[in-house]
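Please open the structure in a viewer and keep the selection panel at hand. The stops below are meant to be visited in order.

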Amino acid sequence: MPVWIGKFFMLNILKMIAKTKIVTEKSPLIESIDFETLQKDLSRFEKLDYEVKRALSKSLTIRHLDSGSSNAEEAELLALSNPVYDITRFGIDFTASPRHADVLTISGPVTRQLKIAMDRTYNAMPYPKIVVAVGDGACNGSVYQNTYACLGRVDQFLPVDIYIPGDPPTPEVILKGLLMCKLILIEKKGRL
Amino acid sequence: MKILVEKDIEFLVECLKKTLNVNVKINGVNHLQITLEKNYLLSAVEYISQNSEFNAHLITMLASDERELNGNFKLYIIFSVIQPRTILTLEILLDKDKPSYPALSEKIPSLNWHEREIHDLFGIVPDGIELDPLVLHRDWPHGKYFPLRNDFLLNKQFPFGEVNHEFSQPHGEGMHQIAVGPIHAGIIEPGHLRFCAIGEEIYKFDAQLFYTHKGLEKMAYGKSVEEVLVLAEHTCGMCAFSHSSAFCQAVENLGGIKIPRRAAYLRTIGLEMERISNHMADLMAICSAGGLSFGASHAGRLREFLMGLNHDFAGHRFFRNLNTIGGLKRNISDEFCKLLLEKLEKFKPQFQEWEQLITNNDSLLDRLELTGFLSNENGLKLGIVGPAARASNIDRDVRRDYPYFAYEDYVVKVPIYEDGDALARMQVRIDEVYESLRLIKNLINNLPSGSILDHNSLKYPIHTPSISIVESAKGELSHFIMLGEENKVFRWHVRSASYMNWRGVVQATMGQDRFKNIVPDGPLVNKSFNLCYACVDR
């Protein structure tokens, strides 16, 4: 390696950071969601403004579970943590254990060999549990037929709160769905 | 040039006829079929794979339930031969009541998983060895039900049982086991990994995969070609375009369809775009597993830029719904291709700057050097493919050895490294990104005009096997297809790149001699291969 690069390594890092500036995209703010449909969807919320604001200020931890997807959904979820989408600025983070998780995101049709692991992960979560079906495979089974090894969509086995359809859904769409989870979390906590 | 190739194939046919004492059937262009007695199987496989004159490479082995056609099971063992350039298929008919054949995996270790898979799904027994279940876990009623036999109903289901995988349990002072998965801490796919460590050092590593086995090959039985194309695209997300291209190529070879030049060029551009974005994801994973978050976040930014380009180019971030039999579904205009080139020209200096910083970062290099060493012999023995093979000094790339689509017009420079460690695997990827950028530039500058879809022939010969191999970002993948009556799919088989490389991960994690790894190196070794689980499990 050229010696001068090693010498000014830190300088080069700083240069690259300064040159790149901020690449993070504008957030899909709650204003940009069609408010009328949101109100219809979430008619159970009274005083929407206040609730929404309060809910969005809370943090959210996610445990992801692949129940047999093609790995496109995982790639998009992974993309959420890159600097362009930067999911941590919304207080959303992926956690390593289901015991710390508010939300369980599931992608892919449920396979026979993962059914037990899926049930155990769900049972390990604390209340209130939110289940999000990410991608067509989890929402409706996608192109996968039911076979000896593929049992079909997720909501046959677990109560699903939010469906994020798409093949796979883009990171923006997933982000919107996860922000919606915050509203549901507040509502579920109120009920407990 | 053409005459030379024909002569060479005749030479190969003569060699095979003389040595094996069999008839060789030439099916279509460059596809030799040999029907063998099962007693001669082992010697034939050894002769072909060890004869340096042919430079043959084992692609895959699969079984097919052809009891309704000829009252037998059939075993296909497929080789790609470099000298002369052809595909060679050994076919063995097996008895329908007690199908068995002499076991191959003791002599040819890369066939171990294939034999176990065929044993699980077809109940075809390799004589002479004990097999653990692979695809179907232990709670499946093994020995009674074989799901890929055609008389097994598609959605017959069985009650669940507790799965207790049998791992070897070494004992001794300071020995402990670390079980990981199937649900992992990060956002990756499911698989159960088990480390046995003495203190910090990994002594043994074992992996139990096939959690996401969905039975895609069973789903394909009796479906139309277009329906199975969709399944092929959904086999794997990361290499969706490679899978769909390989499937289309297999069907096109079968029907004798020659796709228009423009479609071939556009497909090649798509394949190269997919390669770059996959390599960026791999490099990001290596950086984050190596603890260099600066590198990881910049690689993430560059990858997102490429994914945006993919979306603009193909209308889908993972190139789904673009390929069709005989060409492409949508045309991509010349202006747009020029725009793509401009954007990639902007990408190149950014990548170069990033790459310079990463490859000169001592903290990352220190983690990568001599980590996850895979020797050349082990790589050849296990049949490793793709960037991992090239990092272990195995000079093999389907784009150069068996050119397809627009690779016929361009020579691909293949980076080869001899070190076989995680650093070499990273450097192969970096070199391939530059090479892909160069290829895309050439392809776009010489993009032919004309149609993008060949509507001519939609008549396929029935019950004739067809194989295609394509180099995806993770390595070579192959699709096998055989059509039955009314153009319905009779047998479809996928052998993805990750399927061959998983045993390489296990070997590299365990290390050898003085190249032992410690437990925290496990994720780094895994990420330096960065394999899919979805297309392994299917």
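The tour begins with chain A as a whole and then moves to selected places in chains A and B.

**Before starting**

This is a predicted model, in which local features need pLDDT of at least 70 and side-chain atom pairs count only at pLDDT 80 or more, while totals for chains, interfaces and linings use all residues. Residues are numbered from 1 along each chain as its sequence is written, chains are lettered from A and ligands numbered from 1 in the order in which they are written, and side-chain values use heavy atoms, with hydrogens and water left out.

**Stop 1: chain A**

Select chain A and colour it by secondary structure. Eight helices and seven strands are found there; helices (H or I, at least four residues) and strands (E, at least two) are DSSP runs, numbered from the N terminus. Of the 192 residues in chain A, 55% are buried. Buried means under 20% relative accessible area, exposed over 50%, and partly exposed in between (1.4 Å probe, protein chains only).

Among the contacts in chain A with a separation of 6 or more, 82% are between residues 24 or more positions apart; a contact means heavy atoms within 4.5 Å.

**Stop 2: helix α5 of chain A**

Select residues 72-79 of chain A. Helix α5 is largely enclosed by the rest of the structure, because seven of its eight residues are buried. The buried residues include Glu73(A), Glu74(A) and Glu76(A), as well as Leu77(A).

**Stop 3: two cis peptide bonds in chain A**

Select Tyr127(A) and Pro128(A), which are joined by a cis peptide bond with omega about -5 degrees. Pro128(A) belongs to the loop between α6 (115-124) and β5 (130-134) of chain A. Then select Asp167(A) and Pro168(A), where another cis peptide bond has omega about -10 degrees. Pro168(A) sits in the loop between β7 (162-164) and α8 (171-191) of chain A.

**Stop 4**

Side chains of opposite charge can pair when their charged atoms come close. Over all chains, the whole structure holds 34 salt bridges, each defined as a side-chain nitrogen of Lys or Arg within 4 Å of a carboxyl oxygen of Asp or Glu.

Select Arg67(B) and Asp151(B), whose side chains form a salt bridge at 3.2 Å, N to O. Arg67(B) lies in helix α3 (residues 67-70) of chain B and Asp151(B) in the loop between β7 (125-127) and β8 (175-180) of chain B, so the pair ties together parts that are 84 residues apart in sequence. Arg67(B) is partly exposed at 24% relative accessibility, whereas Asp151(B) is exposed at 57%.

Move to Glu217(B) and Arg538(B), a salt bridge in which the closest N and O atoms are 2.9 Å apart. Glu217(B) is in helix α5 (residues 216-220) of chain B and Arg538(B) in the segment after α18 (534-537) of chain B, so this pair ties together parts that are 321 residues apart in sequence. Both Glu217(B) and Arg538(B) are buried.

A network of salt bridges can be displayed by selecting Glu272(B), Arg275(B), Arg390(B), Asp397(B), Arg399(B), Glu432(B) and Glu471(B).

**Stop 5: positive phi angles in chain B**

Select Asn393(B), a residue other than glycine with a positive phi near 65 degrees. Asn393(B) is in the loop between α13 (386-391) and α14 (398-401) of chain B, and is partly exposed, with a relative accessible area of 33%. His463(B), also not a glycine, has a positive phi of about 55 degrees. His463(B) is in the loop between α15 (422-445) and β13 (465-472) of chain B.

**Stop 6: helix α17 of chain B**

Finally, select residues 521-529 of chain B. Helix α17 is largely enclosed by the rest of the structure, because seven of its nine residues are buried. Among the buried residues of α17(B) are Leu524(B), Val525(B) and Phe529(B). Their cover includes β9 (192-198), α8 (261-289) and α16 (497-510) of chain B. After α17(B) comes Asn530(B), with a positive phi near 45 degrees.
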